[in-house]
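The following paragraphs lead through a structural model, from its strands to a helix and then to its charged side chains.

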Amino acid sequence: MGVLNLDVGGDAGGRTGCMELVSMEDQDSRVPALETFRVEQAPPVIYYVPDFISKEEEEYLLRQVFNAPKPKWTQLSGRKLQNWGGLPHPRGMVPERLPLWLQRYVDKVSDLSLFGGLPANHVLVNQYLPGEGIMPWCPFPSPTRMGHCTTRPSAPSAWAPTPCWTSTSRGNQRMMTLQSRPTDRRPAPQPRPPPRPAISLLLEPRSLLVLRGTAYTRLLHGIAAARVDPLDTASLPLNAAACPLARPGACLVRGTRVSLTIRRVPRVLRAGLLLSK
């Protein structure tokens, strides 16, 4: 029927503005509850949790996603999107109550203390068909640029997420790549070292992926637009030991993928404040 990925990103401490963004560099700290799932030989810090949700939960969530009213979907280039929990505004988020079918799993992710003890409050649902993907991107600007930060290149800065991203997959798998962002193109007094090669992670059905700190803020992450993910000994993902599907010689055919990006938006507007502006 499809794949469900629960992606997590958001505010780690409830603060806003540049002070919060500076502090993010210090948040490469590990998550005690997930330490046994940390991916070795990966940039800090990546966790991969197999079977974070059950098959029954997977089927239930997918039914709820596909039963959503048609106006809830927004067609984008290469994917469709649902927005739950609030609407974007230049000064922050106009909050909306999450539906109960989402709140249960938002609470499950929040209980991992990924947001500094604060609950997640926003969910993006993305649907990708076979052959679709997402170009490598990072929610934070290059360190060579000014301290402005966005969740997407066009998003308002008040939506800046934490250095944390979590994904649970259903029904189908996807290979995700992470690579260093391009360096500043201005002339340098000394030659720069060559960029590090991209690394890959396999997102299997019902798994949870958490990217924190440098792995989230300093690396571009994306999924190639393809219908098949071929694997050989040289291209096995870093989390292969936790993935039964990650076998040399395997040819993983893609199906429909649904991802849930769960995050905490730091700046939430009160209705009265919004109406007064």
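Two strands are said to pair if DSSP finds at least two bridges between them. Strands (E, at least two residues) and helices (H or I, at least four) are themselves DSSP runs, numbered from the N terminus. The model is predicted, so local features need pLDDT of at least 70 and side-chain atom pairs count only at pLDDT 80 or more, whereas totals for chains, interfaces and linings use all residues. Residues are numbered from 1 along each chain as its sequence is written, and side-chain values use heavy atoms, with hydrogens and water left out.

Consider strand E7 and its partners. Strand E4 (residues 79-84) runs antiparallel to E7 and is joined to it by five bridges; here glutamine 82 stands opposite valine 125 of E7. E7 is also joined to strand E16 (residues 257-263), again in the antiparallel sense, through seven bridges, and histidine 122 stands opposite arginine 263 in E16.

How many of the residues of strand E7 are buried? The term buried means under 20% relative accessible area, exposed means over 50%, and partly exposed lies in between (1.4 Å probe, protein chains only). Seven of the seven residues of E7 (residues 122-128) are buried, so this strand is largely enclosed by the rest of the structure. Both of its faces are covered: one side carries the buried residues His122, Leu124, Asn126 and Tyr128, and the other carries Val123, Val125 and Gln127, which are buried as well.

Helix H3 (residues 100-110) has Trp101, Leu102, Tyr105, Val106, Val109 and Ser110 as buried residues. They cover an arc of only 160 degrees around the axis, taken over the directions from the helix axis to the C-beta atoms, which puts them on the same side of H3. An α-helix has 3.6 residues a turn, so residues three or four places apart point the same way. The face of H3 turned away from the buried side carries the exposed residues Leu100 and Arg104.

The structure holds seven salt bridges, each defined as a side-chain nitrogen of Lys or Arg within 4 Å of a carboxyl oxygen of Asp or Glu. One of them links arginine 206 and aspartate 51 at 3.6 Å, N to O. Arginine 206 lies in the loop between strand E11 (199-203) and strand E12 (208-212), and aspartate 51 in the loop between strand E2 (46-49) and helix H2 (55-66), so this pair ties together parts that are 155 residues apart in sequence. Aspartate 51 is exposed, with a relative accessible area of 52%, whereas arginine 206, at 15%, counts as buried.

Arginine 206 also meets glutamate 58 in a salt bridge (2.9 Å, N to O). Glutamate 58 belongs to helix H2, and the two residues are 148 apart, linking distant parts of the chain. Both glutamate 58 and arginine 206 are buried. Elsewhere, salt bridges that share partners join Arg30, Glu35, Arg38 and Glu40 into one network. Within it, glutamate 35 and arginine 30 have their closest N and O atoms 3.4 Å apart; glutamate 35 is partly exposed at 26% relative accessibility, as is arginine 30 at 48%.
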